[in-house]
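Dear colleague,

I am handing over the structure below, and after it I set out what was found in it. Please read the notes with the structure open beside them.

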Amino acid sequence: MSWTNSSDAGAPVKTLLALLLVAALAAVAVHSVTDGFRVFTTEDGRRLAIEEHPRHLPATTIQYEDGSTLPLAQALHEDGRATIAVFFYTRCNTICSVVGTELQQLQDRIRAEGLESQIRLLSISFDPDDRQPALAGYAKRMHADAGDWRFARVTDTQQRRELLDAFGITVVPAPLGEFQHNAAFHILTPDGRLAHIIDYDQPEVALAHALAAARRSSARHGAVS
């Protein structure tokens with residue numbers, strides 16, 4: 001006859017309970033970090049937060065490619081359309097070229113679908129050396145129609161830094177005076193808020209969000225009127 005020690009018999013059960021407790025705690029932690037399993041990175045979380053609660057942009061003065069200067073919030077309000085904005089610099093031959101091509105195609109799409117009254121494009125340079133002539137020359141090379149696609153820069157260093165931070169743009173100086181930077185499509189509303197951030201390889205998604213933002217703005221304006 002064999003006998004089993006009661007403490008030995010309970011060991012597997014205790015081990016199982018401990019593992020279940022660890023798994024439960026891990027699930028709670030993941031649920032918290034991923035905002036209820038909806039996001040899986042910090043950037044995803046930031047984008048989701050912006051989508052659910054569009055953020056007002058910091059006070060920033062921009063200078064267009066034609067030399068005119070005005071606050072960004074005023075520029076968005078006076079234009080009245082939803083804006084698809086990107087950050088770039090005119091000497092960039094890598095990611096900016098890809099984004100530029102996408103914007104060219106978006107410009108054509110906006111025209112083809114008759115959306116000029118609802119959506120416009122805005123490219124903002126973060127390079128202090130991109131002065132008005134450089135922006136104008138770049139706009140010409142991109143075959144941009146000033147009625148639908150504008151180019152701008154931020155002359156004030158502190159304002160430029162705050163604007164980049166608000167958009168989540170990281171710019172790191174590289175050899176030969178170039179920059180390493182991330183890129184995305186940013187949907188801006190006429191009331192001066194950042195409403196969506198979309199990967200730069202998803203122009204169709206950016207266009208859809210911009211159109212939705214334009215229609216919401218029009219509906220609110222109509223309700224107020």
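To begin with a charge and a ring, the charged end of R150 sits over the ring of Y64, 3.9 Å from its centre; a charge counts as sitting over a ring if NZ of Lys or CZ of Arg is within 6 Å of the ring centre and within 35 degrees of the ring normal.

Please keep in mind that this is a predicted model, in which local features need pLDDT of at least 70 and side-chain atom pairs count only at pLDDT 80 or more, while totals for chains, interfaces and linings use all residues. Residues are numbered from 1 along each chain as its sequence is written, and side-chain values use heavy atoms, with hydrogens and water left out.

As for the overall build, the protein has seven helices and ten strands, these being DSSP runs numbered from the N terminus (helices H or I, at least four residues; strands E, at least two). Of its 225 residues, 39% count as buried, where buried means under 20% relative accessible area, exposed over 50%, and partly exposed in between (1.4 Å probe, protein chains only). Among contacts (heavy atoms within 4.5 Å) between residues at least 6 apart in sequence, 69% join residues at least 24 apart.

The structure also holds eight aromatic pairs; rings of Phe, Tyr and Trp (its six-membered ring) pair if their centres lie within 6.5 Å, and planes under 30 degrees apart count as stacked, over 60 as edge-to-face and the rest as tilted. One of these is the edge-to-face pair of F88 and F151, with 6.0 Å centre to centre and 70° between the planes. Because F88 lies in strand β4 (residues 82–88) and F151 in strand β6 (residues 149–153), this pair ties together parts that are 63 residues apart in sequence. Both F88 and F151 are buried. The rings of F126 and F179 have centres 5.6 Å apart and planes at 90°, so this pair is edge-to-face. It links distant parts of the chain, with F126 in the loop between β5 (119–125) and α5 (132–141) and F179 in strand β8 (residues 179–181), 53 residues apart. F126 and F179 are each buried.

On a 1 Å grid over the protein atoms alone, a cavity is a set of points where a 1.4 Å probe fits but cannot get out, a pocket is an open set with protein on both sides within 12 Å along at least five of seven lines, and lining residues have an atom within 4 Å of a point. About 50 Å³ of space lies in the largest cavity, a volume being the space filled by probe spheres set on the points, which are joined across faces, edges and corners. Helix α4 (95–112) gives the largest share of this lining, four residues.

The largest pocket has a volume of about 280 Å³ and is lined by 13 residues, of which G80, P190, S217, S218 and H221 lie nearest its centre. Five of the lining residues, the largest share, come from helix α7 (residues 203–224).

Finally, I110 lies in helix α4 and is buried, with a relative accessible area of 2%.

With best wishes
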